[in-house]
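Please view the sequence and structure below before reading on.

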Amino acid sequence: MEWYNIVIPIVTLIVGAVGGFFGGVFYLRKQIEKMQSNPEMLQKMAKQMGYNMNKQQMNRAQNMMKNQKFPRK
């Protein structure tokens, strides 16, 4: 059994995990940015989590999301 039969799968797994993590972070950040400007998406997410939000709660949630800073690295 050669050394590269062991090393290549391990390196591939590590690279895939790291790439998947950063891809997931990028996707989630984009979704959150979309929700800031789209109240229907925010309402839909709240319903999926089991919450019914009235207008005042929606406005408060949108303001919280707009005030939150998402650092770019």
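**Met 35 and the model**

Met 35 is buried, with a relative accessible area of 10% (buried means under 20% relative accessible area, exposed over 50%, and partly exposed in between, with a 1.4 Å probe and protein chains only). The model is predicted: local features need pLDDT of at least 70, side-chain atom pairs count only at pLDDT 80 or more, and totals for chains, interfaces and linings use all residues. Residues are numbered from 1 along each chain as its sequence is written, and side-chain values use heavy atoms, with hydrogens and water left out.

**Surroundings of Met 35**

- Met 35 sits in helix α1; helices (H or I, at least four residues) and strands (E, at least two) are DSSP runs, numbered from the N terminus.
- Leaving out residues up to four places away in sequence, Met 35 touches Met 41, Leu 42, Met 45, Gln 62 and Met 65, where contact means heavy atoms within 4.5 Å.
- Between the C-alpha atoms of Met 35 and Lys 66 there are 9.6 Å, and the two residues are 31 residues apart along the chain.

**Packing of α1 and α2**

- The angle between α1 and α2 is about 115°, and their axes are 5 Å apart; axes are lines fitted to C-alpha atoms, for helices over the stretch in contact, and angles run from 0 to 180 degrees between N-to-C directions.
- The two helices, α1 and α2, are therefore roughly perpendicular to each other (angles under 35 degrees count as roughly parallel, over 145 as roughly antiparallel, 65 to 115 as roughly perpendicular and the rest as oblique).
- On the α1 side the contact is made by Gln 31, Lys 34, Met 35 and Ser 37, and on the α2 side by Pro 39, Met 41, Leu 42 and Met 45.
- By class, the residues of this contact of α1 with α2 are five nonpolar, two polar and one charged; Ala, Val, Leu, Ile, Met, Phe, Trp, Tyr, Cys and Pro count as nonpolar, Asp, Glu, Lys and Arg as charged, and the others, Gly among them, as polar.

**Packing of α2 and α3**

- Helices α2 and α3 pack at an angle of about 110°, with axes 11 Å apart.
- This angle makes α2 roughly perpendicular to α3.
- From α2, Pro 39, Leu 42 and Gln 43 make the contact, and from α3, Met 58, Ala 61, Gln 62 and Met 65.
- The contact of α2 with α3 comprises five nonpolar, two polar and no charged residues.

**Largest pocket**

- The largest pocket has a volume of about 210 Å³. On a 1 Å grid over the protein atoms alone, a cavity is a set of points where a 1.4 Å probe fits but cannot get out, and a pocket is an open set with protein on both sides within 12 Å along at least five of seven lines; lining residues have an atom within 4 Å of a point. Grid points are joined across faces, edges and corners, and a volume is the space filled by probe spheres set on the points.
- Its lining consists of Met 35, Leu 42, Met 45, Ala 46, Met 49, Tyr 51, Met 53, Ala 61, Met 64 and Met 65.
- At least two lining residues come from each of α2 (39-48) and α3 (55-67).
- The lining of the largest pocket has ten nonpolar, no polar and no charged residues.

**Other residues**

- Gln 62, in helix α3, is buried at a relative accessible area of 13%.
- Apart from residues up to four places away in sequence, Gln 62 touches Met 35, Gln 36, Asn 38, Pro 39 and Leu 42.
- Met 53 lies in the loop between α2 and α3 and is partly exposed, with a relative accessible area of 23%.
- Met 53 and Pro 9 are 44 residues apart in sequence and 48 Å apart in space, C-alpha to C-alpha.
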